[in-house]
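I opened the model today to see what packs its inside and what lines its open space. My notes follow, in the order I looked things up.

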Amino acid sequence: MRKLKGMLITAGMLLILSGISLQVPEEAQTLWEEIPDEEIHTYIQEKEQTEDMAVDGPVQEVEYAEVRQPAEELPPAAGKVIELTYDEATELKKLATAEAEGEGCEGQWLVMSVVWNRVQDPEYPSTIHEVINQYGVTKEGKKIYQFSCVADGRIETAKPSGDSGTALARLETGDVSPGIIAFEVTGTDILEKWFKFAFNYKHHNFFTKK
């Protein structure tokens, strides 16, 4: 009986909410009228409580905070992207291979950085090709090239490897070792006359302007 009353209450509430007028049999009408108001309210409360229990606890709005990587774990920001032509990229890889083949991608990246820093410096030529092939002339008319591998022809026979490709890719992101403008083989001790020693990496000393 209670179940039937519940069904009638539910049906009645739905009809009221939807605004539909519906004729019901006289027996059902009589049964509806016999249900006390407090029982209707009790049934509705029980229904609401049952529906609330369908979810585990009260429904709450969840605010999602933006998850950010800690600043100290972020990779260092690179500079402006460097766009190179095929010929420029090839020349850089061959130069770096000839000058620092046994020093991995780090050593070859440093050599490339020297070239790029010169390109950006108004005291040097403004293209990669011109910087690599730059030379001075002695009183005797002898050419003195800036890079030994150009002077002895090793740059022509150099065969770039994966290290030079990795070094080039790093350079192209704008990641350039700042300030270094020259390098020489450790123990040569010539460039300190014109440049300031910066640091040593494996078999090379690197220099900045004085």
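Predicted model: local features only at pLDDT ≥ 70, side-chain atom pairs only at ≥ 80, totals over all residues.

I looked up the largest pocket and found a volume of about 480 Å³. Its lining has 18 residues, and Y145, Q146, F147, F183 and L191 lie nearest the centre. I checked which elements give two or more residues to this lining, and they are β2 (143-145) and β3 (182-185). The largest share, four residues, comes from β3. By type, I get 11 nonpolar, four polar and three charged residues in the lining.

**Core.** Next I went to the largest nonpolar core, which has 31 residues; among those that touch the most other members are L92, W116, F147 and L171. Helices α4 (86-100), α5 (104-120), α6 (128-132), α7 (148-151) and α9 (162-172) each give two or more residues to this core. Helix α5 has the largest share, with eight. I then followed L171: beyond its neighbours within four places in sequence, L171 is in contact with I82, L92, W109, M112, S113, W116 and V176. I also found a second, separate core of six residues, including Y124 and F207.

**D121.** Is D121 buried or exposed? I count D121 as buried because its relative accessible area is 11%, and the cut-off for buried is under 20%. D121 sits in the loop between α5 and α6. Its side chain makes a polar contact of 2.5 Å with the side chain of K209. Leaving out neighbours within four places in sequence, D121 is in contact with I181 and K209.

Conventions: Residues numbered from 1 in each chain as written. Heavy atoms only, no water. Core = buried A, V, L, I, M, F, W, Y, C linked by side-chain atoms within 4.5 Å. Buried < 20%, exposed > 50% of the residue type's maximum accessible area, 1.4 Å probe, protein only. Contact = heavy atoms within 4.5 Å. Polar contact = N/O pair within 3.5 Å; in protein donor to acceptor, adjacent residues only side chain to side chain. 1 Å grid on protein atoms, 1.4 Å probe; cavity = no way out; pocket = protein on both sides within 12 Å on 5 of 7 lines; lining within 4 Å. Points joined across faces, edges and corners; volume = space filled by probe spheres on them. Nonpolar A, V, L, I, M, F, W, Y, C, P; charged D, E, K, R; others polar.
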